[in-house]
Amino acid sequence: MGAPDGTTTKRRRGLPVWLTIALWYIAARAITTCLFLEASALSGPKSRTGAHPSLWHYLTTWDASWYRYTASHGYPTILPLTPDGHIAANSWAFMPVYPYLARYLGMPFHSWPVGGITISVVAGYLCALVLYRMWRMRLDASASMWAVVFFVSGPLGALFQIGYAESLGELWLVLILWCVMRRSYGWLYLLIPLFGFTRPGALPVALFLGLYGIWRLIRRREERLRAGEVVHIAILAVWATVVGFAWQVIAGLVTGDRNAYLETELAWRHHWAPNIPDAFAPFQGFLQGVAFWCTTHGVPVAAGYVTLAVLVVGAALLLLFEPHVRRLGVELRLWTASYLLYIVAVFFPQSSIFRLLFPTAPIWGAVAAPRSRVWRVGVLVVALVGQWLWIYNMYGLGDGIWRIP
């Protein structure tokens with residue numbers, strides 16, 4: 001297909017950008033399929049998926065089975081309990097848009113997985129199209145197309161063809177960011193609840209909009225801030241906050257337990273650290289997780305906290321000062337900062353953290369910005385190696401508590 005340069009490709013072959021992206025997307029999905037097949041060939045009986053499972057089994061296991069169960073059985077009105085009295089893992093941890101949409105799309109085939117995988121594949125391609133348009137607002141055509149190639153081929157490329165909600169959630173997210181970059185706010189009233197009821201993420205959107213509003217206010221002399229924009233941004237920040245807490249309220253009303261959602265999320269933490277407190281506090285889970293993993297691997301806990309602090313400061317410095325990141329614009333930088341803060345505030349770090357970093361994908365534009373062909377090809381190779389390592393560890397090996405997708 002030649003270099004992933006939208007302008008060059010169109011001039012040489014007359015291909016429109018959407019078709020160029022489609023060809024790269026199809027090629028990336030073919031590579032991912034081959035990686036899944038190789039992981040299956042190398043898997044053994046110790047894997048949770050068994051020795052040499054089918055490709056179909058890989059695409060429909062783990063959270064995909066939970067989404068399928070949710071679509072078939074709905075949400076419990078009485079929270080299930082473990083033998084020791086804790087809230088057990090249940091469907092309230094999974095937002096409703098993706099499983100029910102997959103159910104209806106799969107009806108003609110009498111197959112939920114067909115609907116779920118179709119959504120993931122199609123949404124992933126649409127994400128690439130939107131991201132290209134976003135990046136073109138800040139980067140040239142070559143860098144934007146290379147960023148698309150990194151995005152569809154990256155370490156988490158498998159998410160575009162498994163029965164998970166990430167691909168659909170990413171589509172709503174990039175549309176939200178694109179609308180903000182274009183100063184077009186009307187669609188956000190619909191996109192925010194679509195995103196918030198597909199994947200947990202409306203609260204960092206609220207933080208992002210609040211920070212974005214402050215930034216616009218500070219630089220109103222450089223870019224005019226109209227009264228209508230002020231109203232939209234303020235209302236949308238509140239709207240995102242309401243959406244962010246709505247699922248907790250709904251779960252509480254249905255089950256009669258106001259902490260139903262938080263207790264359900266804590267149920268997953270008990271798989272790793274059964275002795276953690278049955279309560280949620282911001283940032284507590286991440287600190288507990290660092291201490292747990294350090295203790296598990298014989299590393300001083302203080303060293304873990306120092307490492308965490310270095311990573312936080314490093315991420316902040318990159319977002320503030322790295323020139324290629326700055327080229328992406330303040331919107332994508334504010335979103336990335338808001339989302340990373342959210343992850344540290346609410347998450348218990350374990351192997352799923354790689355998947356949960358998927359919403360930071362717009363940063364691929366900064367990775368593609370350097371013009372060196374050697375750099376870009378090198379990044380692509382590293383991205384594909386990362387994808388293989390993720391698939392092989394999470395699916396092929398699939399053992400131990402650090403190998404859960």
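**Entry 1: ground rules**

I begin with a term: two residues are in contact when they have heavy atoms within 4.5 Å of each other. I also remind myself that this is a predicted model, where local features need pLDDT of at least 70, side-chain atom pairs count only at pLDDT 80 or more, and totals for chains, interfaces and linings use all residues. Residues are numbered from 1 along each chain as its sequence is written, and side-chain values use heavy atoms, with hydrogens and water left out.

**Entry 2: L35**

I looked up L35 and found it in helix α2, residues 17-42. Helices here are DSSP runs (H or I, at least four residues), as are strands (E, at least two), and they are numbered from the N terminus. Which residues does L35 touch, not counting those up to four places away in sequence? I noted L384, Q387, W388 and I391. I also checked L389: it is 354 residues from L35 along the chain, yet their C-alpha atoms are separated by 9.5 Å.

Is L35 buried or exposed? It is buried, because its relative accessible area is 16% and buried means under 20%, with exposed over 50% and partly exposed in between (1.4 Å probe, protein chains only).

**Entry 3: N90**

Next I went to N90, in the loop between α4 and α5 (97-106). N90 has 3% relative accessibility, so I wrote it down as buried.

Its side chain makes polar contacts (pairs of N or O atoms within 3.5 Å; within protein, one must be able to donate a hydrogen and the other to accept it, and residues adjacent in sequence count only if both atoms are side-chain atoms). What does the N90 side chain reach at 2.9 Å? I found the backbone oxygen of A88 there. The backbone nitrogen of W92 is reached by the N90 side chain at 3.0 Å. Leaving aside neighbours within four places in sequence, N90 is in contact with W66, P76, L79, P80, T264 and W268.

**Entry 4: salt bridges**

Side chains of opposite charge can pair when their charged atoms come close. I counted a salt bridge when a side-chain nitrogen of Lys or Arg is within 4 Å of a carboxyl oxygen of Asp or Glu. How many salt bridges does the structure hold? The count is eleven.

I followed R138 first: it forms a salt bridge with E331, with the closest N and O atoms 3.0 Å apart. R138 is in the loop between α6 (112-136) and α7 (141-153) and E331 in helix α16, so this pair links distant parts of the chain, 193 residues apart. R138 is partly exposed at 27% relative accessibility, while E331 is buried at 2%.

E331 also forms a salt bridge with R183, where the closest N and O atoms are 2.8 Å apart. Because E331 lies in helix α16 and R183 in the loop between α8 and α9, the pair ties together parts 148 residues apart in sequence. R183 counts as partly exposed, with a relative accessible area of 24%. I then listed the network of salt bridges that links R138, R183, R216, R219, E223, E229 and E331.

Another pair I noted is E166 and R199, whose side chains meet in a salt bridge (3.3 Å, N to O). E166 is in helix α8 and R199 in the loop between α9 (188-196) and α10, 33 residues apart. Both E166 and R199 are buried.

**Entry 5: the cavity**

Lining residues have an atom within 4 Å of a point. Grid points are joined across faces, edges and corners, and a volume is the space filled by probe spheres set on the points.

I found one cavity of 30 Å³ or more. The largest cavity has a volume of about 100 Å³. Its lining includes E166 and R199, along with Y339 and F358. Which element gives the largest share of this lining? I noted α8, with four residues.

Last, I looked at the second largest pocket, with about 1,100 Å³ of space. It is lined by 46 residues, and the closest to its centre are P200, Y261, E265, V346 and F347. The largest share of its lining, eight residues, comes from α12.

Notes. On a 1 Å grid over the protein atoms alone, a cavity is a set of points where a 1.4 Å probe fits but cannot get out, and a pocket is an open set with protein on both sides within 12 Å along at least five of seven lines; lining residues have an atom within 4 Å of a point.
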